[in-house]
Amino acid sequence: KHMTLVIGNLCLALGMIGVALVRKETIHFMLFTIHIVGYSIADTALASLISRYSSTLTQGRDLALNQAAQACARVLSPLLAGYLYEISKSQGHLPIGALPFLAGALCPAIGIGIPALLYMRNIARKNKILKDGQK
């Protein structure tokens, strides 16, 4: 589940970066598809991991907090994206409108680290249990 979230976030981030930078229609569509598939994978894996790490008493609350955070992001993102779009129109280094997608790609890119770390910790714990069982 951890690596599923890592793969989902990676696809989400790479798709957003690609959408921001590539303007050829066919490739743009394929990158947008990667973005959407990544979101679907990451969203499902995140809910699964929240359920796994929550106690039975707090599981509903924790999943609701996840949904509330996503709803908050849907409200605030267009405001930030509009501001970043205006900035991207005035500078000439990137394609017009690329900046909101690049900024949006930061969140899933950063989100790769936590599940990867938890996965490595989980593997180390299982290896320790195996070593202790062999003694």
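Colleague: In this predicted model, is Ile96 buried or exposed?
Modeller: The relative accessible area of Ile96 is 53%.

Colleague: How far apart in space are Ile96 and Ala73, C-alpha to C-alpha?
Modeller: In sequence, Ile96 and Ala73 are 23 residues apart. In space, their C-alpha to C-alpha distance is 23 Å.

Colleague: Is Lys89 buried, partly exposed or exposed?
Modeller: Lys89 is found in helix H3, and its relative accessible area is 43%. Buried requires under 20% and exposed over 50%, so Lys89 with its 43% is partly exposed.

Colleague: What distance separates the C-alpha atoms of Lys89 and Leu99?
Modeller: Lys89 is found in helix H3, whereas Leu99 is in H4. The two residues are ten residues apart along the chain, and their C-alpha atoms are separated by 9.2 Å.

Colleague: Which residues of H4 meet H3?
Modeller: On the side of H3, the residues are Ala81, Leu84, Tyr85, Ile87 and Ser88. By class, this contact has eight nonpolar, one polar and no charged residues. The residues of H4 that meet H3 are Ala98, Leu99, Pro100 and Ala103.

Colleague: Which helix supplies the largest share of the lining of the largest pocket?
Modeller: The largest pocket holds about 1,000 Å³ of space. Of the 29 residues that line the largest pocket, Ala73, Ser77, Gly104, Cys107 and Pro108 are the closest to its centre. Helix H1 (2–21), helix H2 (25–53), H3 and H4 each supply at least two residues of the lining. The largest share, ten residues, comes from H3.

Colleague: How many charged residues are in the lining of the largest pocket?
Modeller: By class, the lining of the largest pocket has 20 nonpolar and seven polar residues. Its charged residues number two.

Colleague: Leaving aside neighbours within four places in sequence, which residues does Gln70 contact?
Modeller: Gln70 is found in helix H3 and is buried, with a relative accessible area of 16%. Its contacts, leaving aside neighbours within four places in sequence, are Tyr39 and Asp43.

Colleague: Which residues is Ile50 in contact with, leaving aside neighbours within four places in sequence?
Modeller: Ile50 is found in helix H2. With a relative accessible area of 16%, Ile50 is buried. Ile50 and Val75, 25 residues apart in sequence, are 23 Å apart in space, C-alpha to C-alpha. The contacts of Ile50, leaving aside neighbours within four places in sequence, are Asp62, Leu63 and Asn66.

Notes. Residues numbered from 1 in each chain as written. Predicted model: local features only at pLDDT ≥ 70, side-chain atom pairs only at ≥ 80, totals over all residues. Heavy atoms only, no water. Contact = heavy atoms within 4.5 Å. Helix = DSSP H or I, 4+ residues; strand = E, 2+ residues; numbered from the N terminus. Nonpolar A, V, L, I, M, F, W, Y, C, P; charged D, E, K, R; others polar. 1 Å grid on protein atoms, 1.4 Å probe; cavity = no way out; pocket = protein on both sides within 12 Å on 5 of 7 lines; lining within 4 Å. Points joined across faces, edges and corners; volume = space filled by probe spheres on them. Buried < 20%, exposed > 50% of the residue type's maximum accessible area, 1.4 Å probe, protein only.
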